[in-house]
Amino acid sequence: MSNGSFEPRLVGFLCNWCSYTGADLAGTARMVYAPNIRIIRVMCSGRVDSQFVLKAFREGADGVLISGCHPGDCHYQEGNYKALRRYKLLVRMLEQLGIEKERCRLAWVSASEGARFQQIVNEFTDQIRRLGPLNFRFDGGSHEQA
Amino acid sequence: MSKPKVAFYWCASCGGCEEAVVDLAENILKVVEAVDIVFWPVALDFKKKDVEAMPDKSIAVSFINGSVRLSEQEEMVHLLRRKSQLVVAFGSCAHLGGVPGLANFWNKETIFRRAYFTTPSTVNPDGVVPQEKVVIEGKELTLPAFYDTVRALDQVIEVDYYLPGCAPPPKLVMDAVLAILEGKLPPKGSVLSPNKSLCDDCDRNKTKPEKLTIKEFKRPWQVMLDPEKCFLAQGIICMGPATRTGCEERCIKANMPCRGCFGPTDQVYDQGAKFLSALASLIDAKDEKEIEKIVQTIDDPAGTFYRFSLPKSILGRRKMEAIK
């Protein structure tokens, strides 16, 4: 990374029942973690449509975190397995579109794992900082017009 | 009163959409009776200067097929937009970018390298590559500029209506022409085909099991396809769930899965991503390694899911800097 001052912009889709509560716990326990992440609460990690992730990248995210309950713990039984299946296929497609798979991460965080959430966000922020900015630009090709 | 003037034009396309107009068969006589065709390069000898000489907005409707990849196409569609009251994006390429839009996985440099140097059938010992300008015997010759990115029509000019399909079926074309002639048009920006998914109309829907699951993805040539069973239930990728209906299931009836040429319904922006979400949910595994193994049985996910819609997807193309 040539620019030492690069601060990654991360988007986190967190499930209401486990991961968001885990993040909340990190907050109430005053655990310090990288301020680079913008959190969006969804009811379930299985609700995270691949369109959300692509849109985040298009709108300027350098990394996207999807976080849900541990396998077996989903409030809706199987939503997190859906998230896992999608994630595995999505990162393949992202690579084909020129976005490194390391820019999209799936992590299981339970409601009691504030410290784990802190660690994941810090790690992910460092990882994206090392990768550098994504700078995905698509203006419908209009930059080429005469 | 004079008859309404109609123009047809083609950009980056295969010619199949022109064929679709001819496929109106005897109905084309009704169309010809009702309108004046003032420009149609594939069939009639009018020139660009003839269009330039027309007053602005004097063409009632221009049907434009093909995506936009050359400066010439860009110039022509701007000209037609200026001269036309309505512009209809005709067919998948104009609507979504289409198959030519798959070039957005590459750029001009890599496409030229492939086409003029590395294909096994290329013989180009002098390394000749098309130039936009070349001087021969003191005369300057020009070619249109070739862009890095292929665009759908509405990424270049304002589009009033979309006729989906590769190519649009004659019935939809005729319905659209009649709607325009009778002034019974839906709101501007509409896709002129029913707003529901192909599965809604598909005869095979009733053979879909209660819980649809997939252990291994297969390609049509790898299996004897059951002529009645839901393709997804056979492990074959069928874009039906994420694709708009109205095509009269031409492919399904020929025992081939849907490839998605009608694009998404109004509720969905990115057909490929939406289909990915739906398809991945069907994977019959909970173990990470096993899921990975099943996912690997899909060849070229991006190319398959965005076969007709890469330019109109959320990302629109592969990241330029990632192309080697």
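Predicted model: local features only at pLDDT ≥ 70, side-chain atom pairs only at ≥ 80, totals over all residues.
**Ground rules.** I kept in mind that local features need pLDDT of at least 70 and side-chain atom pairs pLDDT 80 or more, while totals for chains, interfaces and linings use all residues. Residues count from 1 along each chain as its sequence is written, and chains are lettered from A, ligands numbered from 1, in the order in which they are written.

**Chain A, overall.** I looked up the secondary structure and got 4 helices and 4 strands. Here helices (H or I, at least four residues) and strands (E, at least two) are DSSP runs, numbered from the N terminus. Read from the N terminus, chain A goes β-α-β-α-β-α-β-α. Its C-alpha trace spans about 55 × 35 × 20 Å along the principal axes. I checked the radius of gyration, taken over C-alpha atoms, against the globule rule of 2.2 Å times the number of residues to the power 0.38. For 146 residues a compact globule would come out near 15 Å, so the 16 Å of chain A agrees. Of those 146 residues, 52% are buried, meaning that 20 or more other C-beta atoms, placed from the backbone, lie within 10 Å of the residue's own.

**Chain B, overall.** This chain has 12 helices and 9 strands. The C-alpha trace spans about 65 × 55 × 30 Å along its principal axes. With 324 residues the globule rule gives a value near 20 Å, so the 22 Å of chain B agrees too. Buried residues make up 43% of chain B.

**Domains of chain B.** I noted three entries, with bounds from an automatic or database domain assignment: domain 1 (5-99 + 148-182), domain 2 (107-147) and domain 3 (198-305). The C-alpha centres of domains 1 and 3 of chain B lie 31 Å apart. Each of these two domains puts 8 residues into their contact, where contact means C-beta atoms, placed from the backbone, within 7 Å. On the domain 1 side, helix α5 (residues 92-96) of chain B gives the largest share, 3 residues. That side has 5 nonpolar, 3 polar and no charged residues. For the classes, Ala, Val, Leu, Ile, Met, Phe, Trp, Tyr, Cys and Pro are nonpolar, Asp, Glu, Lys and Arg are charged, and the others, Gly among them, are polar.

**The sheet in chain B.** I traced an open sheet of 5 strands, ordered β2-β1-β3-β5-β9 (chain B), with parallel pairing; strands pair if DSSP finds at least two bridges between them. At the edges sit β2 (36-39) and β9 (161-163) of chain B, each pairing on one side only. Between β5 (residues 84-90) and β9 of chain B I found 3 bridges, and B:Ala89 has B:Tyr162 as its bridge partner in β9(B). Helix α4 (residues 71-83) of chain B packs on the sheet, touching β1 (5-10), β3 (59-65) and β5 of chain B, with its direction at about 135 degrees to that of β5(B). Helix α7 (residues 170-182) of chain B touches β3, β5 and β9 of chain B, at about 155 degrees to β9(B). Axes are lines fitted to C-alpha atoms, for helices over the stretch in contact, and angles run from 0 to 180 degrees between N-to-C directions.

**Where A meets B.** I got 29 residues of chain A in contact with 30 residues of chain B. On the chain A side, α2 (50-58) and α3 (79-96) of chain A are the elements giving two or more residues, and α3(A) gives the most, with 11 residues. By class, that side holds 13 nonpolar, 7 polar and 9 charged residues.

How values were computed: Buried ≥ 20, exposed ≤ 12 C-beta atoms within 10 Å, placed from the backbone.
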